[in-house]
Every structure is written in structure tokens, then in C-alpha cells.
Amino acid sequence: MVPNETEIQKTILEVVKAHPDIVWAERMNSGVAKMNGRRVRFGFKGCPDIHGLNKYGKGVYIEVKGEQTEKTAEQLRFINEAREVGALAGFATTPAQAIEIIEGK
């Protein structure tokens, strides 16, 4: 059975948090919810699934994708802009790909 994107995110986040170069990493939710009768936005369009910081002071941003999930224009823009300023950022469908992002490969 193929794991769904939520299961992949959970596994990747565990691997990221356990990496010796990572100081902290957390799941960042984004979207819209209704609260007290009004719509509230969380995060922003293109917001990566995992945000973190490595011990060298670099931001770490990982967008987790399932095998069939498409990348959005907003996600591509965020990842490219993060890389341009020196952050470690990318798309991962497996823990091994997340480690490659963390290690700058």
C-alpha cells in the first residue's frame, strides 16, 4: 500500500528532527478555517510543510509531495526564493530526499 501525503510528512518530519544538523523543525499548516463565523487564513499560499533551522543558522524549508501531487506555482516560487538567499529548500517525496535538502545536495 502506498502511504498518503500525511503519512509521508510525518515520517519526513521525524527524520528531519533527528538529523544532527537540525536545531529545530516543525510542521507548518496553511489554509483557511472558519472561526467564530469568520474565515481565518493560516500560513500563506506556497508555504512549505516543514520549517526548520540548522546549527549553522540556515533556514530549512521542505515541501512534502506525494508521488502524484503537483507542485504549485506559489510553492515553486517560495522554494526558489528561499534558495536564492541561501536557505536549504526543496521538494521531498521520501526521507532520503529530505536529507539531501538538509545536507545541501
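User: Is His 19 buried or exposed?

Analyst: This is a predicted model, where local features need pLDDT of at least 70, side-chain atom pairs count only at pLDDT 80 or more, and totals for chains, interfaces and linings use all residues. Residues are numbered from 1 along each chain as its sequence is written, and side-chain values use heavy atoms, with hydrogens and water left out. Buried means under 20% relative accessible area, exposed over 50%, and partly exposed in between (1.4 Å probe, protein chains only). His 19 has a relative accessible area of 9%, so His 19 is buried.

User: Where is His 19 found, and which side chain does a polar contact join to that of His 19?

Analyst: Helices (H or I, at least four residues) and strands (E, at least two) are DSSP runs, numbered from the N terminus. His 19 lies in the loop between helix 1 (5-18) and strand 1 (22-27). A polar contact is a pair of N or O atoms within 3.5 Å; within protein, one must be able to donate a hydrogen and the other to accept it, and residues adjacent in sequence count only if both atoms are side-chain atoms. For the side chain of His 19, the partner is that of Glu 103, at 2.9 Å.

User: What is the phi of Asn 36?

Analyst: Phi of Asn 36 is near 50°, a positive value in a residue other than glycine. Asn 36 sits in the loop between strand 2 and strand 3 (38-42). With a relative accessible area of 83%, Asn 36 is exposed.

User: How far apart are the C-alpha atoms of Val 15 and Ala 98?

Analyst: Their separation is 8.1 Å, although Val 15 and Ala 98 are 83 residues apart along the chain. Val 15 belongs to helix 1 and is partly exposed, at 25% relative accessible area.
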